[in-house]
Amino acid sequence: MTYQATKVYRTQILSFQQDPGYVPLEQAVDFISDALLVLSNGKVEQVGPFEALKPQVDAMGVTIDATFQDSLMLPGFVDTHIHFPQIEMMGAYGEHLLSWLEKYVFPTEQKFADPEYAAQMAELFLDTLIAKGTTTALVFGSVHACATDALFAGAYQRNMRLITGKVMMDRHAPQALLDTPETSYQSSKSLIERWHGKGRLGYSVTPRFAPTSTPKQLQQARRLLQEYPDVLLQTHLSENLHELEWVKSLFPDCSDYLGVYEAFDLATDRSVFAHGIYLSDSEINRIGQHRSAISFCPTSNLFLGSGLLKWSKLRCPNHPISLGLGTDVGAGTCFNLLTTLNEAYKVTMLGRLERPEQQPLTAFEAFYLATLGGAKTLKIDHCVGRIAPGYEADLVALNWTPSPLQKMRQSKIQQPFGSLEALQEKLFALMMMGDDRNVQCTWVAGVPYACGGNEP
C-alpha cells in the first residue's frame, strides 16, 4: 500500500453501532454534529468532537480541512446486489422478469465475451459506483471469466473493497452464454485463486438462479464453497411469481424455492439471496436459522413489477434476518443508494395495504441498511460500514442543501440539530429529496474522489 499522509477533516459524522430497528436509538446511532476525523494510511485513526480532539490535532501539526464542515460524513455506501454486465441496458422498457431477461439481458451480456469491451465497461461501472458514494459492492459478473477478471482488475487498481464472481449458468439461456458444470467450476476456481483476498477483493460463487443451473452445476457450486469456506454465495430467490412456478416445475422434489438451495447446501451463513419477495413463513424462518442474508432491491422490484418485500416479516424480532440494500442495476434504474432508499420507503408504505400493522422504513433504519447493515450482510462489518478507529476509510460526504428547494426544506426543521429527533427528520428529507447532487465527495481507502454526483 502506498503511504498516505495524515488528513484531518472537520465535519458532521453519522455512523451506527447496531441496527436501530432492534435497539434504542441511543445505543444504535453515533452522531457528532461538530467532529474531527483523522485519517492515516487508508484507515480511520481518530474520530471525536471537535473541541475534544483539536488540541491533539494541533500538536500533530496537521492542517484541519474544513471543506466538509457543513456536510454529513457517513461510511461509504454498501450495495449488496448489482449486475456489472447490465449497465448498458438500464431503463429497458416494459417487461416482467423472465421476458426481460430474454429480450434485453441475455443479448447484452453476450458482448462481455470481448475482453476489451469488458474492461472498458468495468471502468465506467466502477467510476460510477464511486461517483454515487458507493465504496463496497457485491456484484454479479457475466458468465465470461474474462469479464469478471476485468472487473477485479479495475477494482484492484482503485483499491476498492469489491466482491464479485463469474456467473454459473448451464441451461435456459442462449448457447453463447452457457458454460458447463465443469467449466464453471474450473473458471471460478481460477478466479478465486487469482483474486480472492488480493488487496481488498473477495469472491462470491455466483449461480445466476436455480432455473439456469442444472443439479450438476449446483453441486459444483457446493464444491467451491466447501473448498473455499471464506468466499460468499450470491444468487436470486423468489423475485417473481412466474419464476416460482418455473422453479417448482424444474425441482418438483423440493418443498419450495429455498429448498432447492438447501438441497445443495447453498443456504449458509455466507449466502446472500437477492429479492426474497415471495418467501413463505417457513422460508423466512429457515433463512434466519441458516443466518443467510437478503438483499432488498426496491427499485428493480418496482420497475419490473415484481412485487413488494414483506418488510415487517423480515424484521420480526423472533427471527431477525440480515438485510442489505441493492440497486440491482440494470433492472434498477440508478446507482445512487439515496434514490434506492427513497424507493425502499415507498415499498414499505405500500406494504401497509396488506399489512396495516407494518411500520414503514425509518430514516435511521434506511441509512443503517446502506452502511453497516450492508457490511454485515457481506460479513465485512469488522472493517467497513462504520466510522471508528481502525476501520477502513471508505467514506461519503453528503451536501445537505445542494439546491434551493432542499435548502428550504432543511431550514424548516425546528428541533435542535443535535437531537436524534431532528436528525431523523433531516435524514428522511435527505433520502426522499436527495439525488446525485448531494454526493459531495467519496473516499476509497482514504483517497478522495471529488464527485458532486457527476458521471465520470
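This is a predicted model: local features need pLDDT of at least 70, side-chain atom pairs count only at pLDDT 80 or more; totals for chains, interfaces and linings use all residues.
Within H3, a kink of about 35 degrees is located at Lys103, shortly before the proline Pro107. An α-helix has 3.6 residues a turn, so residues three or four places apart point the same way. The buried residues of H3 are Leu97, Trp100, Leu101, Tyr104, Val105, Phe106, Thr108 and Glu109. The cover over these buried residues includes two further helices, H8 (241-250) and H11 (298-303).

The largest nonpolar core contains 112 residues, of which Trp100, Phe125, Phe367 and Leu427 touch the most other members. Residues up to four places away in sequence aside, Leu427 is in contact with Leu14, Leu72, Ala363, Phe364, Phe367 and Trp400. Another core, of 14 residues, lies apart from the largest one; among its members are Tyr9, Val44, Ile387 and Ala393. In soluble globular proteins, nonpolar side chains tend to be buried together.

Two cavities of 30 Å³ or more were counted, and the largest cavity holds about 120 Å³ of space. This largest cavity is lined by 15 residues, and those closest to its centre are His83, Leu97, Leu101, His236 and Glu239. Strand S6 (77-83) and H3 are the elements that give two or more residues to this lining. The largest share, three residues, comes from H3.

Most residues other than glycine have a negative phi, and most peptide bonds are trans. A cis peptide bond, with omega of about 10 degrees, joins Val329 and Gly330. Gly330 is placed in the loop between strand S14 (322-325) and helix H13 (337-350). Positive phi values in residues other than glycine occur at Asp265, where phi is near 60 degrees, and at Arg291, where phi is about 60 degrees. Asp265 belongs to the loop between helix H9 (257-263) and strand S12 (271-275), while Arg291 belongs to the loop between helix H10 (281-290) and strand S13 (293-296). Asp265 has a relative accessible area of 45% and is therefore partly exposed. For Arg291 the relative accessible area is 58%, so this residue is classed as exposed.

A further site of interest is Cys441, which lies in strand S16 (residues 439-444). Cys441 counts as buried because its relative accessibility is 4%, under the 20% cut-off. Although Cys441 and Gly133 are 308 residues apart along the chain, their C-alpha atoms are separated by 7.3 Å. Leaving out residues up to four places away in sequence, Cys441 touches Phe68, Leu395, Val396, Ala397, Pro448, Tyr449, Ala450 and Cys451.

Conventions. Residues are numbered from 1 along each chain as its sequence is written. Side-chain values use heavy atoms; hydrogens and water are left out. The bend at a residue is the angle between axes fitted to the seven residues ending there and the seven starting there. Helices (H or I, at least four residues) and strands (E, at least two) are DSSP runs, numbered from the N terminus. Buried means under 20% relative accessible area, exposed over 50%, partly exposed in between (1.4 Å probe, protein chains only). Contact means heavy atoms within 4.5 Å. A nonpolar core is a set of buried Ala, Val, Leu, Ile, Met, Phe, Trp, Tyr and Cys residues joined through side-chain atoms within 4.5 Å. On a 1 Å grid over the protein atoms alone, a cavity is a set of points where a 1.4 Å probe fits but cannot get out, and a pocket is an open set with protein on both sides within 12 Å along at least five of seven lines; lining residues have an atom within 4 Å of a point. Grid points are joined across faces, edges and corners, and a volume is the space filled by probe spheres set on the points.
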